[in-house]
Structures are given as structure tokens and as C-alpha cells.
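Have the structure open as you read.

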Amino acid sequence: MAEWNVPIGNLGEAAFGRLCEILDSAGRGWRRLAEIAGAERRFKCSEEELETCSLKVLEPRGSPSQCLLQMLSERDCSLKYLLSCLDKLGHAEAIQFLSSVVQEAIRILVQPESQVLTEGACTSLTCQATGPPGLSYQWFCGKQEMPGATSPNLLIGPVTLQSPAWYICRVSCGPSFAFSQWARLCIWVGSSPASASGYCPTMEGVEILQQPQPCTLAEGDSLVLQCVAVGNPSPQFQWFRNRSPVAGAQTSCLQIRLVTTADRGRYTCKVFNLFQQVWSEEAEVEIGPQLCVAGGAWQEGDAAADKVALLVGNMNYQHHKQLKAPMVDVHDLAHLLRQLDFKVVSLLDLGLVEMQMAVGEFLLLLDKGVYGLLYYAWHGYENFGQSFMVPIDAPGHYTSEHCLCVQTILQSMQQRQTGLNVFLLDMCRKRNPNDETVPRAEALEVTANIVFGYATCADAEAYELSQGELANGIFVSFLKRWLLEDEKITVLLDKVAEDMGTLEITKGRQALELRSNLSERRALTDRIQPGQQAEEQSARNLQWAKAHTLPESCSLRFDCGARVCLGFAAEFSNILVIYTRITATPREITRCEAKLNNFPEELDVDVKFTNKGSPEEVGSSLSEAWSQDLSDCCLYSRLCGLQKLKSELAFTVCLQYQYEGLDDFLQESQEVNIGKPLIAKLNLHTDATPSMDSCPDPFHGCFQSAGSKESFTSDASRGLDAISPHENTPEENLSPELTDPVSM
């Protein structure tokens with residue numbers, strides 16, 4: 001029932017009988033109910049009427065309560081009044097039953113749907129509902145009741161242009177009822193749908209009846225997308241591809257003949273009239289040749305089997321000037337790439353062996369058709385067309401022996417038959433006069449899927465803005481504006497280059513350089529469509545998850561009654577933040593503080609970055625994403641360089657507290673072991689630096705010899721003396737207050 005103010009007789013036979021059984025089972029509950037109901041004069045029963053009710057027990061299936069309720073019903077007693085009487089009687093079971101019956105509203109589960117039909121077709125509309133027993137259905141055409149249309153299914157047809165257009169179903173039970181939604185039948189006339197005659201309840205607006213469907217085509221095919229809609233006034237159409245309007249596509253049917261890969265993307269249609277504007281669902285259109293490479297290599301027409309990114313930012317160099325921007329750059333790129341469904345490994349401050357091992361783990365995540373992206377910042381150089389990344393433990397006179405060759409990594413990626421290889425190198429490309437070796441790199445395979453985005457031109461430097469605070473380098477500050485755009489990666493980098501060219505302070509000093517042999521439209525936004533290699537994909541997922549599993553939060557109870565909670569957050573794949581919070585203290589303790597200490601020696605934890613009151617105090621200004629919901633009373637500790645961890649991470653939680661009335665502090669401590677968190681599980685550390693012969697091929701092994709000379713000073717810095725602190729200095733500048741740029 002939907003209303004309480006209805007007569008008792010509308011309960012229905014089944015519900016009425018069950019209520020009588022409940023009242024009869026309560027001894028003389030019916031007589032007490034009669035006395036309470038009689039407080040209102042018209043419902044007062046005489047002694048003769050009460051005696052008649054009492055004698056009903058002598059009859060087969062006789063019920064005194066049924067006799068009483070029938071008398072009350074004849075006097076127009078409402079369910080609302082009956083419920084108030086039962087409440088005064090204190091009959092909980094009867095109240096619960098009556099409430100459940102009254103509040104059981106009619107709910108329509110299956111709504112009739114609008115349809116588009118051709119003339120002469122037959123169809124059916126369905127309406128199904130739940131509610132009280134005895135539901136009945138009645139179909140209407142416009143405002144007119146349809147005789148005989150009293151079942152959940154309504155058969156219609158064959159339809160003509162004169163057939164009614166609008167249908168609705170009423171579901172009722174006694175005085176309660178509910179209407180379904182309107183269903184509209186639209187009849188095709190020629191090449192456009194036309195509304196049939198009949199009553200139209202919506203006099204303005206638009207409604208989409210048929211959505212465009214996704215499809216996969218080969219080059220040279222014809223693309224046909226349909227968006228069927230009706231409205232009053234008649235709707236207009238405009239098609240969009242990747243959120244840009246398609247020229248001349250202003251009808252309900254979009255047709256493109258002889259499509260190419262440039263026509264692929266996400267299509268949607270805007271439908272509008274004077275009163276309303278609606279958008280259709282997006283339809284993904286894939287277009288590409290099915291070119292099979294010999295030897296079972298990846299097919300050019302395939303989408304991404306997976307997407308993996310390795311981001312490395314080196315800041316705290318042992319023998320060179322330190323930097324600021326890599327931390328911000330890696331953090332921002334990781335955040336954006338995760339939005340594009342990349343599996344991201346983000347690492348800061350790696351030594352040579354650690355970089356080798358990290359790249360090796362990165363290669364394990366690559367496979368046939370996988371998109372691989374490598375970002376590196378900052379120190380680097382380029383000799384004879386080969387780019388080298390400088391680890392933080394490189395000596396002052398570093399050569400190729402102490403660095404990683406990017407092109408050799410590319411060769412290893414090609415061996416994995418990747419679908420796309422993207423290198424974003426945010427580093428200097430000046431020649432290294434200390435290094436006289438001649439690269440002996442093997443020729444690259446012809447895969448037409450390689451993209452190099454250099455932050456600067458050959459034989460030039462890259463810069464970071466020096467503003468006295470954490471900020472992006474110049475390259476990433478422009479790159480992140482475009483990274484989420486659904487564009488071919490080379491088109492995207494062209495736009496970044498155009499933007500960088502507008503920066504006055506770097507004109508003539510730094511300009512993005514793009515090198516690519518990419519022949520297909522590959523974008524970082526491409527959706528992941530795993531192939532048949534389910535086992536390989538599962539192995540990649542497990543390998544990546546292994547290095548990104550956080551320890552579970554834990555709660556420690558101390559003998560004094562205090563309780564301390566430990567939580568964990570990953571700032572990067574090799575940086576763990578531990579937040580400590582006291583969740584309970586006894587009343588007699590007036591002061592209480594929990595701090596962490598005794599960390600493993602190999603982590604070389606800086607005490608300045610432990611047990612602080614905010615994430616900023618431990619050296620991180622990038623914690624908004626994971627610290628916004630934490631309490632202000634937390635203490636934070638930041639553990640860097642987890643790749644150096646050789647054993648499980650164990651530390652001590654030290655609790656100091658003071659009882660009321662005492663001056664001395666008492667202390668308790670507990671040992672905590674959280675295993676190997678994050679990247680530490682991959683054991684990237686090593687006890688000794690490997691020799692050239694022991695290094696894996698992807699990292700060394702492509703050079704004849706290594707020279708040794710004094711470290712050089714960049715000539716490019718001589719012309720930048722006039723740059724103010726707010727402008728820019730080379731990447732190698734750590735101190736923001738310095739106005740003179742510091743060379744590599």
C-alpha cells in the first residue's frame with residue numbers, strides 16, 4: 001500500500017486473514033483492541049456485538065478478531081487509526097506485520113523501452129513490477145486505455161505511419177498504483193526516423209533512441225555510425241572525433257569512405273534543439289592495417305597489450321652538483337601516466353648497479369605488443385649519437401663505463417617485441433670530453449615504433465627553474481600540459497616543443513628535439529587490449545605488484561595501556577613514508593609521544609627526516625594525495641633508498657609518557673618488522689660493483705675502452721651570468737639563491 005488513510009477492507013484477503021490470526025493468538029487481545037478503538041464514538045462496540053465476536057470461537061474456523069475488524073471496516077475505520085490502536089495495545093507483532101504490508105509499495109523492475117522500427121514490423125513492450133499480492137496491469141496508448149491490454153507484455157504490429165507513438169503501463173493493487181516510463185515507437189521513413197501520430201507527453205527537448213556502436217575496420221573500409229534521436233522541435237546533429245568537431249558531419253548518420261588510420265579515435269554525437277542538448281555515448285573506432293612481421297613479431301594493427309613506464313630521477317649526486325626538479329618531475333609524470341593505465345615504476349637516486357637492475361626489472365615487464373616508456377632526469381651526455389644516463393655514484397671523471405647507454409636499452413626492448421618504445425630524456429646532451437670511447441652498438445631493428453623526446457638539442461644543456469622551492473624542470477612543466485591528450489605521441493611532443501619555444505629565457509639555449517620512425521598512430525592514451533598471452537600478462541601483473549605492495553597498517557598495545565597505530569604510504573617506488581599516531585591513552589597519562597628509531601644501517605636514514613609533524617618537514621611537498629585524510633597529530637618518517645635494503649625492514653617504536661603529578665618520563669619500546677616493502681622485494685642491491693665482464697649486455701658491453709680525464713665545465717654557462725634567480729639555471733644547480741648557473 002502507498003497510503004495509510006485507506007479503509008481496513010483494502011488490506012486484501014490474505015493480509016486481512018493473517019492479521020486476524022496474529023490478534024487471535026494473543027488470548028483476549030481482540031477484546032482489549034475493541035476497548036481502545038471504542039474511544040472514538042463511531043467505533044464503539046456494544047455488549048451484544050462483543051458477545052457475537054466471542055461466540056465465533058465455537059464456529060469452525062471462527063475468528064473473534066475477524067468479526068471485530070469487519071465491524072470496524074463497515075464503519076470506515078482506516079489503517080492509520082487501526083495502527084494507532086495497536087500501538088496503544090502494545091501488540092508489536094501485529095504492528096510489524098501491518099507496517100510491512102502497508103509500506104510494500106509497487107516497484108517497477110522492467111521498464112518498457114523506446115524503439116526504432118521499419119514500417120510493417122512487429123514488436124512488443126514489457127513492464128514487470130513487484131509489490132503486494134494481486135498486481136494488475138493496464139496499458140495506455142497516449143491517454144487512451146487499451147481494452148484487453150492487461151498483461152505485462154504488450155504485442156504491437158504491424159506498425160504503420162499512422163500507428164500510435166507513445167505507450168505507458170499502469171500497475172495497480174487496490175487503490176495503489178504506479179506508472180511505468182513512456183515508451184516511444186519511431187518509424188523509419190526513407191533515411192530518417194519519423195514520429196508516428198498520437199499523444200506526445202514531452203512537448204520539448206530531445207531523446208536519443210539509438211547509440212553509435214564501436215567498430216574495428218581496416219584501411220580502405222567505409223565507416224558508418226548512426227545516432228537516432230527524436231525531439232520537438234526536430235533535433236540537429238554534430239559529430240565529434242576525440243572531442244573535435246568533424247567537418248560536414250551534421251546528420252544522424254556519419255559516413256566516411258576509404259578510412260585511414262587518421263580516422264581512428266573516439267566518436268560521439270551532440271544532439272540538440274532549441275530547448276535541450278544531449279551527447280551520445282562514445283564509440284571507439286579502431287582502424288589499422290593487419291601487417292604481420294616475420295617470425296611471429298607484433299602486428300602493427302594491434303592495440304597495446306599492456307603499458308609500462310620506468311621513471312628515474314637522480315638528484316643527490318655524490319660527486320656532482322645536486323638538483324631539485326627530478327623529484328617533482330617524476331612525481332607528476334607518475335601521477336599522469338597512472339591515469340593512462342600505465343604500470344609505473346618511479347625511482348629516485350639510483351647508483352650504477354641499481355640502475356642496471358632497475359632496467360632489467362623493467363625489461364621483464366615488457367612483452368609482445370606492450371607499450372614501454374622510459375623517462376630519465378637529469379645528468380647525462382651524448383657522444384657519437386649515443387645517449388648516456390649518469391647514476392648518482394658516478395665519479396667526478398665519469399665515462400661510459402660508469403653510465404648506462406640508452407640505445408642499448410632500446411635494443412633490449414626491441415628483443416621483447418614491444419608495440420611502442422618511448423624515451424623521454426630530460427638531460428644534457430653535451431659531449432663528454434672525458435670519454436673517448438667509440439660506441440660499438442649493434443644496428444637497431446626496423447620496427448617503426450620508436451620515439452625519442454629529448455629535452456634539449458644535440459650538444460646543448462637542459463635547465464631547471466630555480467625559484468627557491470620545489471618546481472618542475474622546463475621540459476616536464478610543458479610536457480604535463482599535453483600528456484593526457486588523445487594524440488599520436490609524435491604530435492603530442494610537437495605541441496610540447498611549440499610551447500617550449502614561447503619561453504623567452506631559454507630561447508637559443510634549450511629546445512625540445514623529436515626523433516621518431518613511428519609510422520602508425522600510436523598514442524599513450526591507447527586502450528589496453530590483452531591478447532591471447534594471458535599467462536604472460538598475469539606474470540607481468542604479479543611482477544609489478546610485487547614491487548608496489550605496501551605493508552599492512554598495524555596497531556601496537558603497550559603495557560601502560562596506550563595504543564599506537566602505524567600506517568604506510570608510497571611516495572615513490574623506493575621511498576616509504578611511515579606515519580605514527582597514538583590512538584588511545586589512559587586518563588592518568590598526561591603526555592605521550594611515540595617515535596621511530598633503530599632503522600637498518602644500509603638505508604642511511606637521516607634523522608632530520610623522521611618523526612616530524614608534517615610531510616613537508618620530512619622533505620616531501622608532494623604528499624597531498626595520501627596525507628589529506630590523516631590526522632594532524634601524526635608524526636611522519638620518510639625512508640629513502642629502499643633498493644639498498646638487504647634484509648627485512650625492522651625498526652623500534654619508542655613510547656615516552658608521563659603520569660599526572662610526576663615529573664619523570666617513562667619509556668617503553670616494541671620492535672616492528674614489516675618485511676621488504678615496495679621495490680626492496682626485487683633485491684636491486686649488490687654487495688660489490690660488478691666488473692665490465694659481469695655486467696649484463698643491456699647496460700654495458702657496447703664500448704671498446706674508457707678514457708679518464710679531468711671533469712669538464714660547460715661553455716654554455718658562460719653566457720648566462722645575467723639570469724636572475726627567478727629565471728633558470730642549468731639542471732645541476734641545487735641552491736636556488738645562486739644566480740650563476742652551475743655547469744655539469
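## Pocket, cavities and a helix crossing

The largest pocket is lined by 27 residues, and the ones nearest its centre are N316, D349, F609, R638 and C640. Bear in mind that this is a predicted model. The volume of this pocket comes to about 730 Å³.

Searching the whole structure turns up 5 cavities of 30 Å³ or more.

| Space | Volume | Lining by class |
|---|---|---|
| Largest cavity | about 90 Å³ | 10 nonpolar, 1 polar, 1 charged residues |
| Second largest cavity | about 70 Å³ | no nonpolar, 2 polar, 8 charged residues |

Which residues line the largest cavity? They are L310, V345, L347, A358, E361, F362, L365, Q543, W544, A547, I679 and L682. Strand 23 (343–348), helix 8 (352–364) and helix 12 (534–546) are the elements that each supply two or more of these residues. Helix 8 gives the most, with 3 residues. By class, the lining of this cavity splits into 10 nonpolar, 1 polar and 1 charged.

The second largest cavity has quite another lining: R264, G265, R266, E284, E286, D486, R521, T525, D526 and R527. Two elements give two or more residues here, namely strand 19 (265–272) and strand 21 (283–287).

Last stop: the helix pair. Helix 1 (residues 13–24) and helix 4 (residues 64–74) have axes that come within 8 Å and cross at roughly 125°. That angle is why helix 1 counts as oblique to helix 4. As for handedness, helix 1 passes helix 4 in a right-handed crossing.

Who touches whom? On the helix 1 side you'll find F16, L19, C20, L23 and D24, and they meet P64, S65, Q66, L69 and Q70 in helix 4. Sorted by class, this contact has 6 nonpolar, 3 polar and 1 charged residues.

Notes
Residues are numbered from 1 along each chain as its sequence is written. This is a predicted model: local features need pLDDT of at least 70, side-chain atom pairs count only at pLDDT 80 or more; totals for chains, interfaces and linings use all residues. Side-chain values use heavy atoms; hydrogens and water are left out. Axes are lines fitted to C-alpha atoms, for helices over the stretch in contact, and angles run from 0 to 180 degrees between N-to-C directions. Helices (H or I, at least four residues) and strands (E, at least two) are DSSP runs, numbered from the N terminus. Angles under 35 degrees count as roughly parallel, over 145 as roughly antiparallel, 65 to 115 as roughly perpendicular and the rest as oblique. A crossing is left-handed if the near helix is turned anticlockwise from the far one by less than a right angle, and right-handed if clockwise. Contact means heavy atoms within 4.5 Å. Ala, Val, Leu, Ile, Met, Phe, Trp, Tyr, Cys and Pro count as nonpolar, Asp, Glu, Lys and Arg as charged, and the others, Gly among them, as polar. On a 1 Å grid over the protein atoms alone, a cavity is a set of points where a 1.4 Å probe fits but cannot get out, and a pocket is an open set with protein on both sides within 12 Å along at least five of seven lines; lining residues have an atom within 4 Å of a point. Grid points are joined across faces, edges and corners, and a volume is the space filled by probe spheres set on the points.
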